[in-house]
Structures are given as structure tokens and as C-alpha cells.
Amino acid sequence: MAHRYVRSRMWTYPGGADMVDDVAQEVCVEVFGSLGRYRDEGRPFEAFVYGVAARKVADAQRTFAVADVSPPDPSDPSDGADDSPTPEEREFRQSEVQHIVSLLDRLPQEKLREVLRLRVIAGMSAEETGRALGMTPGAVRVAQHRALSTLRGFVGREARGPVWGR
């Protein structure tokens, strides 16, 4: 659960895919270290894990934002074939990711964005998502439907293009 959530939040960052395992490990270490202090207060355990994961992701995103990312040294020969995507493929993927993120950002509520991240991107069930967000599985499904319908409307309007005089 932690790995899927971290991946869903970090995939938009250049190099974020490389950080996913480390951040997910930090989440698991903190959850494990907190088990002795954890008190059941009627909320699902998944909500506790979600809270830890959200904080760790925010920490990683802040660290990434201030990090000095330097380009690789071209004089450093690497062994083996380069299986990395071409610059054109990277640009295309990055533009797709940016478009998806811009669509998600247009949703009117953060809760709708989180439902989509957990359900669609992280692949969690409605029950898992509901436990993490403090919602019933039915409410998760309704929120997901509402968010996807809203996104479809955004995409439909983009496909029709600008209409002058409306």
C-alpha cells in the first residue's frame, strides 16, 4: 500500500521513479518503529499508514525541490547498452504526465484528487481507499465517478477546442 501510494505521488517528478523505493522504505520503517506507540482510536490502520506516507512524500518532494540536480558527466563512459528512453520519448512522456497533472489539479476538491491517485494510479481497492481516507467504499466509488466525469468534461472541452463568441 505504501509503495503504491508513494509511486502515485512521486511519478511526476523527474527522477521520482528512482526515489519511490527509498521513500516507501522510509514509510515502512516509520510505521514499524511507531507500532509500539500506535493506539487504536477507531480509525482504520490504513489511515495511519496513509498519514505517514503523505508526510514522507511531502518531505521527499521538499527535498527534491531544493536539491541541486546536476546533469550526468558526459566524459564518464558507462558499461553496456543504453536502454533509457530517447530525448523525444522522455519529452513525450513528460508532456503526457504534465497534462494529466494539470487535469487533476483542475478538480474542485483535494479529496477527489486523492481518491483518483489511490484508486487509479496506486491501484487500491475502494475498501482500501476508504479506510485510508476515512470514507465508506460507496462514497469512494461515488467520488471516483464524480472525478472521472469531471475529467471527461475537461478533456471533451479541450478536444472541441476554443469556441469564439460563447
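Is E110 buried, partly exposed or exposed? At 40% relative accessibility, E110 counts as partly exposed (buried means under 20% relative accessible area, exposed over 50%, and partly exposed in between, with a 1.4 Å probe and protein chains only). The structure is a predicted model, in which local features need pLDDT of at least 70, side-chain atom pairs count only at pLDDT 80 or more, and totals for chains, interfaces and linings use all residues. Residues are numbered from 1 along each chain as its sequence is written, and side-chain values use heavy atoms, with hydrogens and water left out.

E110 meets R117 in a salt bridge, at 3.1 Å from N to O (a salt bridge is a side-chain nitrogen of Lys or Arg within 4 Å of a carboxyl oxygen of Asp or Glu). R117 itself is buried, at 10% relative accessible area. Through shared partners, salt bridges join R9, E110, R113, E114 and R117 into one network.

R117 also touches S8 (contact means heavy atoms within 4.5 Å). S8 is found in helix α1, residues 2-10 (helices are DSSP runs of H or I, at least four residues, numbered from the N terminus). With a relative accessible area of 2%, S8 is buried, and its side chain reaches the backbone oxygen of Y5 at 2.7 Å.

Across the whole structure, a search finds eleven salt bridges. One of them links E46 and R131, with the closest N and O atoms 2.7 Å apart. E46 lies in helix α3 and R131 in helix α6, so this pair ties together parts that are 85 residues apart in sequence.

Note on methods
Helix = DSSP H or I, 4+ residues; strand = E, 2+ residues; numbered from the N terminus. Polar contact = N/O pair within 3.5 Å; in protein donor to acceptor, adjacent residues only side chain to side chain. Lists of a residue's contacts leave out its neighbours within four places in sequence.
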